[in-house]
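Please look over this protein model with me.

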Amino acid sequence: MTRKFFILLVAATITLAGCKSKSSNTTDNPDTGDTTTMDVVHDDPEDYDIPEEQYEGDTISNERLEYLFNQTKHCVDSINMRKQQVERELKKLSSTADADSCYARFKEAQKASCDYLNSLNAEWLYEPMYTARYEVIVATVEKADMEVQGIGEGYYEIKFKPYYFYNIFKSRVTNELHDYLKIQADQDTTLFMADAGICISWDDLGEWTMEWEKYVDKYPNGGYTNAAKELYSWYIQSYLLGSDNTRPFDFDFENGKVIFYETDAYNRLLNKYPKSKTAQLLNAYLDKMKKMKLPKNDDRYSGILSQTYDTITEMIEKAVEKW
């Protein structure tokens, strides 16, 4: 059978004048008004006459394998090219504000390519069966300072290594963005959640939460403050309510009270940061939980649990909104 060849157009261009634009405030999704362009054009796999996922036993079709490998390689080359060009342009910038703008657009473009790689390789990112092919793909994305990480329940994802963006921009951007990238990089070195369970200790989770609280207090009106608040909300909610498979409390219906599993960790945070917003929310949470009136049987367990989540989540949202 005649082999078909399929071409991926990956266009990643950075206008040289883009990183030299006039300074403007950086936002979480900045619209800086400058001329920076980092267009990313990835062909949709559905646009090609690629055979449907054809399996013979545990063997994927050769056509599909060739397609996946070639598309992945072209995308990785594009990611590396974009990085090299940004590194050259950063050396020419005269202000940290311009570097912040470059970061925002560079991050958006690289994320688009990363998302494309995950979509492209979705069929082996779930419980990968094709060991040889898996190893080839892993080796390919590693050339762009990326990695494949298990995220639980049989799923894997391609992601940039923790310090990828920080290492590129750390000496060029504003203090505000530098600190934001550093906290993200430090926390990203450890998998936070997998299989609906929290993978770090409650002491570490409390510290992660406090890092974002300190950031928001340091930069109350910064361009990345809202993003930091969202991360804070996620971590404080996890700290108080846990996850489906890692809950820091349970209901003792027979004795009509709530059992806390992380009391020691909570007490350590309260002693270390007694005047923090996190401590205020933790005290309010403990007070609400201790005052709960539980029925004598667990027939309403799911309903009570859902109501508890709603109550605490609303409390967190109101506190962060007033921040």
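The questions below go from the whole chain to single residues.

This is a predicted model, in which local features need pLDDT of at least 70, side-chain atom pairs count only at pLDDT 80 or more, and totals for chains, interfaces and linings use all residues. Residues are numbered from 1 along each chain as its sequence is written, and side-chain values use heavy atoms, leaving out hydrogens and water.

Q: What is the average pLDDT of the protein chain?
A: pLDDT is the predictor's confidence in each residue, from 0 to 100. In this chain, 80% of the residues score at least 70. The average is 83.

Q: Over which residues does pLDDT stay under 50, with 50 contacts beyond four places in sequence?
A: A contact means heavy atoms within 4.5 Å. Where pLDDT is low, the predicted coordinates should not be read in detail. The stretch with these 50 contacts is residues 1-18.

Q: How many helices and strands does the protein chain have?
A: Both are DSSP runs numbered from the N terminus: helices are H or I with at least four residues, strands are E with at least two. The count is 11 helices and 10 strands.

Q: Which element gives the largest share of the lining of the largest pocket?
A: A pocket is an open set of points on a 1 Å grid over the protein atoms alone, where a 1.4 Å probe fits, with protein on both sides within 12 Å along at least five of seven lines; lining residues have an atom within 4 Å of a point. About 1300 Å³ of space lies in the largest one. Of its 40 lining residues, Lys107, Lys111, Phe165, Gln184 and Asp188 are the closest to its centre. The largest share of the lining, eight residues, comes from H2.

Q: Is Thr140 buried or exposed?
A: Thr140 is in helix H4, residues 131-142. Its contacts beyond four places in sequence are Phe69, Thr72, Lys73 and Val76. Buried means under 20% relative accessible area, exposed over 50%, partly exposed in between, with a 1.4 Å probe and protein chains only. Thr140 has 7% relative accessibility, so this residue counts as buried.

Definitions and conventions
Grid points are joined across faces, edges and corners, and a volume is the space filled by probe spheres set on the points.
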